Amino acid sequence: MKLFNILLLIVITTIAATVYAEKKDPVKLKFEQISKQAVDSLLNAHGTPGIITSSWKKAHDKFPSKLPKGEIAKYDLNDDGIDEVFLYLSGSGLCGSAGCHLIIFQHNATLKRLAYKTTRSGTNDIFILEGLSDGHRNIAIRLTHYEKDNTIEKNGSNLSGVKKYTLYYWKNGNLRQTNQTILLQSLEDHRD
């Protein structure tokens with residue numbers, strides 16, 4: 001009987017460890033600043049709308065003392081082994097009340113290079129959520145940095161540092177905004 005209990009405990013522990021290992025935390029994208037030339041190169045990708053490229057160029061011409069900046073992050077959204085590239089353009093002339101330019105590029109196998117996929121207003125505060133919804137990758141994007149109050153109240157509890165994100169679905173290069181919002185807090189928000 002003792003041997004059976006030990007084996008049962010080992011089996012339960014193994015199953016629990018497997019279930020725990022499958023549950024992954026959201027991945028916060030880490031953006032790094034890139035040069036103007038690198039942004040220009042990305043904006044020359046196949047399919048990039050001219051209005052985005054001209055906005056970038058106009059912002060550089062109009063605000064020479066406070067130049068806009070470009071940042072990128074990479075993540076394989078469709079599990080093909082090739083990272084999609086997130087380009088975030090911010091600064092004077094590029095941002096509005098809904099946020100700044102968030103552009104996603106995906107590798108095009110036919111062209112054998114990156115190709116433009118979509119643009120949304122938002123921030124560079126983005127989480128990739130584990131799992132799929134009806135074949136769609138779940139992405140949480142914070143729409144604006146300019147919230148009046150970062151403190152969110154829920155059930156009478158103060159959730160300091162927790163921020164509201166809009167849920168998007170990504171599939172086959174299409175980024176679709178949902179009507180859902182979720183609350184997330186980055187580990188970075190806990191650092192002193």
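Colleague: Leaving aside its neighbours within four places in sequence, which residues is Thr118 in contact with?

Modeller: A contact means heavy atoms within 4.5 Å. Once the neighbours within four places are set aside, Thr118 touches Leu102, Ile103, Ile104, Trp170, Gly173 and Leu175. Before we go on, note that this is a predicted model, where local features need pLDDT of at least 70 and side-chain atom pairs pLDDT 80 or more, while totals for chains, interfaces and linings use all residues. Residues are numbered from 1 along each chain as its sequence is written, and side-chain values use heavy atoms, leaving out hydrogens and water.

Colleague: Where does Thr118 lie, and is Thr118 buried or exposed?

Modeller: Thr118 sits in strand β6, residues 113-122. Helices (H or I, at least four residues) and strands (E, at least two) are DSSP runs, numbered from the N terminus. Buried means under 20% relative accessible area, exposed over 50%, and partly exposed in between, with a 1.4 Å probe and protein chains only. Thr118 has a relative accessible area of 7%, so it counts as buried.

Colleague: Now for the cores. Which residues have the most contacts inside the largest nonpolar core?

Modeller: A nonpolar core is a set of buried Ala, Val, Leu, Ile, Met, Phe, Trp, Tyr and Cys residues joined through side-chain atoms within 4.5 Å. The largest one here has 17 residues, and Leu29, Phe31, Phe86, Ile126, Ile128 and Ile139 have the most contacts inside it. At least two residues each come from β3 (69-75), β4 (84-90), β5 (100-108), β7 (126-133), β8 (136-141) and β11 (163-171). The top contributor is β5, with three residues. There's also another core apart from this one, of 16 residues, including Ile72, Leu87, Phe105 and Tyr116.

Colleague: Next, rings. How many aromatic pairs does the structure hold?

Modeller: In general, a pair of aromatic rings is described by the distance of the centres and the angle of the planes. Rings of Phe, Tyr and Trp (its six-membered ring) pair if their centres lie within 6.5 Å; planes under 30 degrees apart are stacked, over 60 edge-to-face, and the rest tilted. The structure holds three such pairs. One of them is Phe31 with Tyr88, edge-to-face at 6.3 Å centre to centre and 65° between the planes. The pair links distant parts of the chain, 57 residues apart: Phe31 is in the loop between β1 (27-28) and β2 (32-34), and Tyr88 is in strand β4. Both Phe31 and Tyr88 are buried. Phe127 and Tyr165 also pair edge-to-face, at 5.4 Å and 85°.

Colleague: Why does the pair of Phe127 and Tyr165 tie together separate parts of the sequence?

Modeller: Because Phe127 lies in strand β7 and Tyr165 in strand β11, parts that are 38 residues apart in sequence. Phe127 is buried at 5% relative accessible area, and Tyr165 is buried at 1%.

Colleague: And helices? Which residues of α2 are buried?

Modeller: An α-helix has 3.6 residues a turn, so residues three or four places apart point the same way. In α2 (residues 36-43), the buried ones are Val39, Leu42 and Leu43. They cover an arc of only 95° around the axis, so they are on the same side of α2; the arc is that of the directions from the helix axis to the C-beta atoms. The buried residues of α2 pack against β2, α3 (50-62), β3, β4, β5 and β6.

Colleague: Last one: in what order do the five strands of the open sheet run?

Modeller: Two strands pair if DSSP finds at least two bridges between them. The order is β1-β7-β8-β11-β12, with antiparallel pairing. At the edges are β1 and β12 (174-184), each pairing on one side only. β1 and β7 share two bridges, and Val27 has Ile128 in β7 as its bridge partner. β7 and β8 share six bridges, with Phe127 opposite Ala140 in β8. β7 and β8 also form a hairpin with two residues between them, where Asp134 in the turn has a positive phi of about 50°. β8 and β11 pair over five bridges, and Asn138 stands opposite Tyr169 in β11.
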